[in-house]
Amino acid sequence: MKRIDCFISFCSSEAAAATQANLSAEPEVSSLHFLGAGEPLASTATLKGISATACADFTLLYTKPTELSLVHYALERMLSVADDTGAAMVYADHFAMTGGVLKQAPVIDCQPGALRDDFEFGGVLLYRTSALKEAVARMDVNYSFAGLYDLRLKVSQKGSLVHIGEFLYYEVETDLRKSGEKQFDYVDPKNRAVQIEMERACTEHLKAIGAYLEPRFKPVAFDSGDFRYEASVVIPCKNRVRTIGDAIRSALSQRTSFRYNVIVVDDNSTDGTVDVIKDFLDDPRLIYIAQDETWHAIGGNWNAALHHPLCGRFALQLDSDDTYYDENTVQKMVDAFHEQNCAMVVGTYRMTDFDGNPLPPGVIDHREWTPGNGRNNALRINGLGAPRGFYVPLLRELNFPTTKYGEDYAVGLRVSREYQIGRIYDVLYNCRRWEGNSDAALEIERVNANNTYKDRIRTWELQARIRANSEKKS
């Protein structure tokens, strides 16, 4: 019956006492080990110590610094699923005490492309001890922050990670921020040392599974098509009456050495957005596209702009609630295409409130995108930055997926499979955070749906890269 050794993250004496009482009452628990303040689960050294100590069939890691309590027969259920499936690790939905309120906290299936280092498994990870030991034995880098991430990647190379869609335990949620406040953690400069380690672990994983891409890219000649305009600023919008005027003014105020226009694609707004757009139609550079009533979403709106006969050679992103940093953004982005010979360009932005005042974490420059490894690291991070620019002849072949979330990320991954993505580290863009943002405060179900879709995009791209590498060898 005693098939589980438990290792509990460092926590307060009160949380440790409660967790010990809860787990000691479980007949499946063979031993309990409470980690000290100098034994973070995120470190390779700690995991090597756990591997040396664990001797039961399964090893339970509890990653949260709060009390753990279990639903009746939870461990029996986890063991049963692990036995039936042969899983190397199982994890489950749970309940979270959030601000004094008990809420359901469902998690999602871990796909092959779920390479985000912030993938939410919940606090309870039940590893098959033999799988854990085998993975730890292959750890040849001593990480301070990426050990646990490295563990699950290595385990996934030899076995399955199985999600039990049942609520099996209770934990306390300590991060009470809204979804829109959490999503930029991975680019916060204070987390740079963590990100460097995560990138290394992910890159080694991609090499192990045959998905790593060498820094060799197809050249871009920029001579396809006959374009009247060198560039187009593309602004997709729907019900942005408060912000669309600011975006259009910002786009039309650009200073360039070439002809450019601004394409605004409205997707059936009902709040007065169209009236604001029409106020700018006396400027011949503005092209207004009114979508029909079929499904378009942001991706479909981009496709409408890209295939418009007056679209420029380069299409440059401007979201309908953001603005360019100054009047030089369009010029700098087009220059970067030619200087860096790339099919896509990503700039740097700063976070601001609605009125343009800076917000933490401030400037987001995506330093994790390097010429040598950016296309690999793109499979780990959850976005590629802004503003984005695209070489239109290529995008007319690829097209955006017709979705309202992750469409830009999908295109960026696909482009990076073959072409260099250029980078500009000057601030070019003001990303305004306000209550009207589509990702400002999402419920867990929507966050999970968004993450599932991006993980699926990564899975498809991962499969394509593995296949491409295999074909090169054959």
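## Close-up views of a predicted model

View 1. Buried residues of helix 5 are Gly147, Tyr149, Asp150, Leu151, Arg152, Leu153, Lys154 and Val155.

**View 2. The largest nonpolar core holds 85 residues.** Which members touch the most other members? They are Val233, Ile235, Ile248, Val262, Val264, Leu316 and Val415. Take Val264 as an example. Leaving out residues up to four places away in sequence, Val264 touches Ile235, Cys237, Ile244, Ile248, Ile277, Leu286, Ile287, Tyr288 and Ile289. A second core is separate and has 26 residues, including Phe7, Val107, Leu151 and Leu161. Leu151 is also one of the buried residues of helix 5. In soluble globular proteins, nonpolar side chains tend to be buried together.

**View 3. Arg3 and Asp83 form a salt bridge.** The structure holds 23 salt bridges. In this one, the N to O distance is 2.9 Å. Arg3 sits in the segment before strand 1 (4–8), and Asp83 sits in helix 3 (residues 74–85), so the pair ties together parts 80 residues apart in sequence. Buried or exposed? Arg3 has 22% relative accessibility and counts as partly exposed. Asp83 is partly exposed too, at 40%.

**View 4. Arg116 and Asp455 form a salt bridge.** Their closest N and O atoms are 3.0 Å apart. Arg116 is in the loop between strand 6 (101–105) and strand 7, while Asp455 is in helix 15 (residues 444–473), so the pair ties together parts 339 residues apart in sequence. Both residues are buried. Arg116 and Asp455 also belong to a network of salt bridges with Asp118 and Arg458.

**View 5. Arg138 and Glu134 form a salt bridge.** The closest N and O atoms of this pair are 2.8 Å apart. Arg138 is partly exposed, with 26% relative accessibility. Glu134 is partly exposed as well, at 29%.

How values were computed. Residues are numbered from 1 along each chain as its sequence is written. This is a predicted model: local features need pLDDT of at least 70, side-chain atom pairs count only at pLDDT 80 or more; totals for chains, interfaces and linings use all residues. Side-chain values use heavy atoms; hydrogens and water are left out. A nonpolar core is a set of buried Ala, Val, Leu, Ile, Met, Phe, Trp, Tyr and Cys residues joined through side-chain atoms within 4.5 Å. Buried means under 20% relative accessible area, exposed over 50%, partly exposed in between (1.4 Å probe, protein chains only). Contact means heavy atoms within 4.5 Å. Helices (H or I, at least four residues) and strands (E, at least two) are DSSP runs, numbered from the N terminus. A salt bridge is a side-chain nitrogen of Lys or Arg within 4 Å of a carboxyl oxygen of Asp or Glu.
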